Amino acid sequence: MKTGLVHAAAILACLAAAGGNGLAGDVRTVKAVDFRGLKLLSKYDLVRDVSLKAVDDGIVIDIDSLGRALAGNRFLKAYWVTESGGRLIVSIVEKEPELVMAVVREKGTALYELDGSRAVISRNNVHTDRVPVLCLTGDDMAADAANGRVRGLLDLLGRVRKSHPALYGEISEVRLDGKELLVTLRGRRTGFIMGPRERDFIKLRYIAGYCDRAGRYPEEINLTGAMVVVR
């Protein structure tokens with residue numbers, strides 16, 4: 001048990017050296033800091049900007065800086081800090097990522113994790129690979145102010161998530177391709193060309209199911225017309 005405490009103290013000391021500020025405010029010495037409720041986040045995500053240091057008898061931590069770090073973390077839905085038996089207990093409830101938006105620009109690609117309300121909860125730090133990735137370009141984002149296509153697509157994906165959650169969970173990537181979408185599903189090589197309508201996603205569900213039963217995944221399936229075109 002003592003070894004575990006020393007190890008935790010060493011980790012927190014390294015974090016403090018890397019990004020902590022000078023200790024000030026409500027400063028306490030505790031035996032250890034316990035983090036509860038972590039699913040996608042790590043303890044490093046929570047204490048990166050917290051003022052703390054390891055000492056012989058535990059950890060010295062600025063509670064005020066901890067509160068500011070937790071309050072400023074957009075990935076947190078709720079949090080509370082308690083102390084018990086000389087240990088500081090940080091309990092959190094994380095928000096759930098529902099979509100990753102990858103925006104390609106000349107200087108590189110920016111990644112935005114969105115929750116169910118389309119709020120950005122992290123930037124360039126993706127915490128899960130089990131949600132769809134919406135691939136856009138800087139031109140797509142710039143044009144959205146005029147035509148609203150990106151906002152409309154986000155609305156559409158939100159409806160699919162609520163009405164067809166099993167299908168939504170299978171979507172790996174969605175790309176804007178002119179007036180159409182190019183959709184890929186997890187574990188399938190097929191690119192599905194389809195329109196930006198909910199009924200097209202329903203069609204996608206049936207065709208993907210057929211491919212799964214047949215065990216055949218062509219390079220491309222076009223769902224935009226009355227007939228399904230396989231290439």
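**Confidence and overall make-up**

Mentor: Before anything else, keep in mind that this is a predicted model; its mean pLDDT is 88, and 89% of the residues reach 70 or more.

Trainee: Where does pLDDT stay under 50?
Mentor: That happens over residues 1-23, a stretch for which the model has 31 contacts beyond four places in sequence.

Trainee: Okay, and how many helices and strands does the protein have?
Mentor: Its secondary structure comes to 7 helices and 15 strands. Of the 231 residues, 42% are buried, and the protein exposes about 12,700 Å², of which carbon and sulfur atoms supply 51%.

Trainee: Which strands make up the open sheet, and in what order?
Mentor: There are 9 strands in it, and the order is β9-β8-β7-β10-β11-β12-β13-β14-β15, with mixed pairing. The edges are β9 and β15, the latter covering residues 229-230, and each has a single partner strand, so one side of each is left without a neighbour in the sheet.

Trainee: What sits between β8 and β9 in the chain?
Mentor: The two strands form a hairpin with 5 residues between them, and in that turn arginine 118 has a positive phi of about 70 degrees.

Trainee: Do β10 and β11 pair in the parallel or the antiparallel sense?
Mentor: They pair in the parallel sense, over 3 bridges, with β10 at residues 133-137 and β11 at residues 171-177. Leucine 134 has valine 174 in β11 as its bridge partner.

Trainee: And how many bridges join β11 to β12?
Mentor: There are 6 bridges between β11 and β12, the latter spanning residues 180-185, and the two run antiparallel. Isoleucine 171 stands opposite leucine 185 in β12. These strands form a hairpin too, with 2 residues between them, and glycine 178 in the turn has a positive phi of about 65 degrees.

Trainee: Which helix lies across that part of the sheet?
Mentor: Helix α7, residues 198-214, lies across β11, β12, β13 (191-194) and β14 (220-222), and it runs at about 150 degrees to β13.

**Salt bridges**

Trainee: Changing topic: how many salt bridges does the structure hold?
Mentor: The structure holds 13 salt bridges. In one of them, aspartate 155 pairs with arginine 118, and the closest N and O atoms are 2.5 Å apart. Aspartate 155 lies in helix α5, residues 149-163, while arginine 118 is in the loop between β8 and β9, so the pair ties together parts that are 37 residues apart in sequence.

Trainee: What does arginine 188 meet in a salt bridge?
Mentor: Its side chain meets that of glutamate 170, at 2.6 Å from N to O. This pair links distant parts of the chain, with arginine 188 in the loop between β12 and β13 and glutamate 170 in helix α6 (residues 165-170), 18 residues apart. The side chain of arginine 188 also meets that of aspartate 212, again at 2.6 Å from N to O; here aspartate 212 lies in helix α7, 24 residues apart from arginine 188.

Trainee: Why does arginine 188 count as buried?
Mentor: Arginine 188 has 18% relative accessibility, and buried means under 20%. Its two partners count as partly exposed, glutamate 170 at 30% and aspartate 212 at 34%.

Trainee: Which residues are linked in a network of salt bridges?
Mentor: Asp26, Arg28 and Glu83 are linked in such a network.

Methods: Residues numbered from 1 in each chain as written. Predicted model: local features only at pLDDT ≥ 70, side-chain atom pairs only at ≥ 80, totals over all residues. Heavy atoms only, no water. Pairing = 2+ DSSP bridges. Helix = DSSP H or I, 4+ residues; strand = E, 2+ residues; numbered from the N terminus. Buried < 20%, exposed > 50% of the residue type's maximum accessible area, 1.4 Å probe, protein only. Areas by Shrake-Rupley, 256 points an atom, 1.4 Å probe, with all protein chains shown as cover. Contact = heavy atoms within 4.5 Å. Axes fitted to C-alpha atoms, helices over the stretch in contact; angles between N-to-C directions. pLDDT = per-residue confidence, 0-100. Salt bridge = Lys/Arg side-chain N within 4 Å of Asp/Glu carboxyl O.
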